[in-house]
Amino acid sequence: MIQFFHVSKRYPGGQTALDDVTFHVPRGEFVFLTGASGAGKTTLLRMIFREEVPSGGQILVNGRNVSSIPESKIPYLRRTIGVVFQDFRLIGRKTVFENVTYLPRVLGVDLQGQKRMAYLALRRVGLAHRLNAFPPELSGGEQQRVAIARALINEPDILIADEPTGNLDPDLSREILRLFLEVNLRGTTVILATHDRDTIQRIGRRVLTLEGGRLLSDQELPGTDPPVLDPLADAEEIASSSPTEPLEGPSSDTPAEAPE
Amino acid sequence: MSFLRALRYFCREAAVNLLRSWKVSLLAILTIAVSLFIGGAFLLVSGNLAASVERWRGEMRVVIYLRPDTSEAVLRRLAAEAARGPGVAAVEPVTAAAARQRFRKIFPGLSDLVAGWQDEPLPASLEIGLDSRTARLPAHAAWLDAWRKRPEVTLVDDDREWLGQLETVVAVVRATGLALVGGLLGAAIFTIASVIRLTAYLHHEETGIMRLVGATEFFIRGPFYAEGLLQGLIGGVLASGALYGVFQVLHARRQSSLFSSVLALDFLSPQQMAFLVLLGGAAGLFGAVASLRREEL
């Protein structure tokens, strides 16, 4: 699914962001990307959706060489990748509906189709009842869930998250992480960058650790507290809520809470 | 995404942007409207002047003034000779006595000026009507030069001389108009480009998200191009409307004003109006494209 072969990134000033990074993420895997600030996590993620171009090496995403695809093909690559940021990147003057339906509009989906897609995506993050709200009216956790819904609206192959819980308190962070695990259970490959070692230790998954632009380690962690965030407990419920269900109108679901 | 659907999206977004930042948009629209109004005014003035020149050309004539002692028999002979000249439509021989009577009739208050003279005060003449299609031929000019050299002739008064000067005025008006419109349109394009750049800056966060989710450059820039086009078209329509209003006022006064009677005879043709509006649209679109050409939105 995602393959990095000896990837390097050097900026014109001489600063090295990535140095000879090689790894492979198979389809459907959940990977934590960790490291101190400035380790190169964001640069690595940005390379996956061609926001950055490597100075050396090759990157394959879904079998396509991302570093050499023409500019005109980049939008088509990005339509298969959902991206979530620490600062949510929502447009405050647009409603939740308008914020999550950027991609359907780009794809030319009619209004009815956009409503249906928005409803399904927002229902997955427990915010189907806030379609007409504006981002400033939402809490930080809700805003991040809207951003996740925007990333998920087209059922992407890959979901990339750059410090998605960096601006949230521990409870909300747990809630957001649970969402990513649920998304991964549906088969989406997730790469989540965080410097929160405690969360990584608790959940336990494959962890890529960067330091000074180099891949320091690539290890599988078992997780010390899997029941808290392990979504397998909800797998049946998740599997039953098919994303192709017909639209039934706004839901009054309350946001999903992580079980204590 | 189908082109028509994209076009509808561009227009809707452009209209929203126009309304959202209506003050700067209005500035851009007015700038282009003023430019096109002035351009249209020059077009109108030069068009009406040219039409007047053409009309006068149809009425133009040459008057050959003869020596005071020219007899009526000679006058008739010369008239018959003149009638055979190139481009001559009609010849009217006017005797000295007829000229005096005509003066008295046209200027009754000045009739004393031509009374009490021992000889006729006004010369006999040949009034030659010209065919406007052939009067410009070189042969006609040579023919008139030959008349000037004849001993019976004292003066050849040729209407074509001042019509030629008037044509030069029309050409100058057109050139001035073109230069002025060029400059003003340049200013309007610059204003629209600035407004579009400002709008793009205000939306850079949104365009960043659109690029992130996989929008093509055409889809991202389309609304800005449509906004420039819309501003230009609205400016063109406003200019045409204002021009028509001013024309109507002048046209209503054409009986009492020489200025109005010459310059406000006919309004612009539908094709010229459409050209004015489309020119506005093209200027707006050009401004938008130029402003975003090197911009990373």
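Biologist: Let's begin with the open sheet of four strands in chain A: what is the order of its strands?

Modeller: Strands of a sheet pair through backbone hydrogen bonds, and they can do so in a parallel or an antiparallel way. In this predicted model, the order across the sheet is S2-S1-S4-S5 (chain A), and the pairing is antiparallel.

Biologist: Which strands stand at the edges?

Modeller: Strand S2 (16-25) and strand S5 (64-65) of chain A do. Each has a single partner strand, so one side of each is left without a neighbour in the sheet.

Biologist: And how many bridges join S4(A) to S5(A)?

Modeller: Two bridges link S5(A) to strand S4, residues 56-61 of chain A, and the two strands run antiparallel. To find the place on your screen, look for Leu60(A), which stands opposite Asn65(A) in S5(A).

Biologist: Which helix packs on the sheet?

Modeller: That is helix H1 of chain A, residues 41-48. H1 touches strand S1 (2-10), S2 and S4 of chain A, and its direction makes about 60° with that of S2(A).

Biologist: Stepping back, how many helices and strands are there in chain A?

Modeller: Chain A has 10 helices and 10 strands. Of its 260 residues, 40% are buried. Among contacts in chain A with a separation of 6 or more, 70% are between residues 24 or more positions apart.

Biologist: How many residues of chain B are in contact with chain A?

Modeller: There are 14, and they meet 13 residues of chain A. On the chain B side, helix H1 (3-20) and helix H7 (204-213) are the elements that give two or more residues. H7(B) gives the most, with six. By type, this side of chain B has eight nonpolar, three polar and three charged residues.

Biologist: Why does Tyr102(A) count as buried?

Modeller: Because Tyr102(A) has 22 C-beta neighbours inside 10 Å, and the cut-off is 20 or more. Beyond its neighbours within four places in sequence, Tyr102(A) is in contact with Arg150(A), Ile209(B), Met210(B) and Val213(B). Arg150(A) is 48 residues away along the chain, yet the two C-alpha atoms are separated by 7.7 Å.

How values were computed: Residues numbered from 1 in each chain as written. Chains lettered and ligands numbered in written order. Predicted model: local features only at pLDDT ≥ 70, side-chain atom pairs only at ≥ 80, totals over all residues. Pairing = 2+ DSSP bridges. Contact = placed C-beta atoms within 7 Å. Axes fitted to C-alpha atoms, helices over the stretch in contact; angles between N-to-C directions. Buried ≥ 20, exposed ≤ 12 C-beta atoms within 10 Å, placed from the backbone. Nonpolar A, V, L, I, M, F, W, Y, C, P; charged D, E, K, R; others polar.
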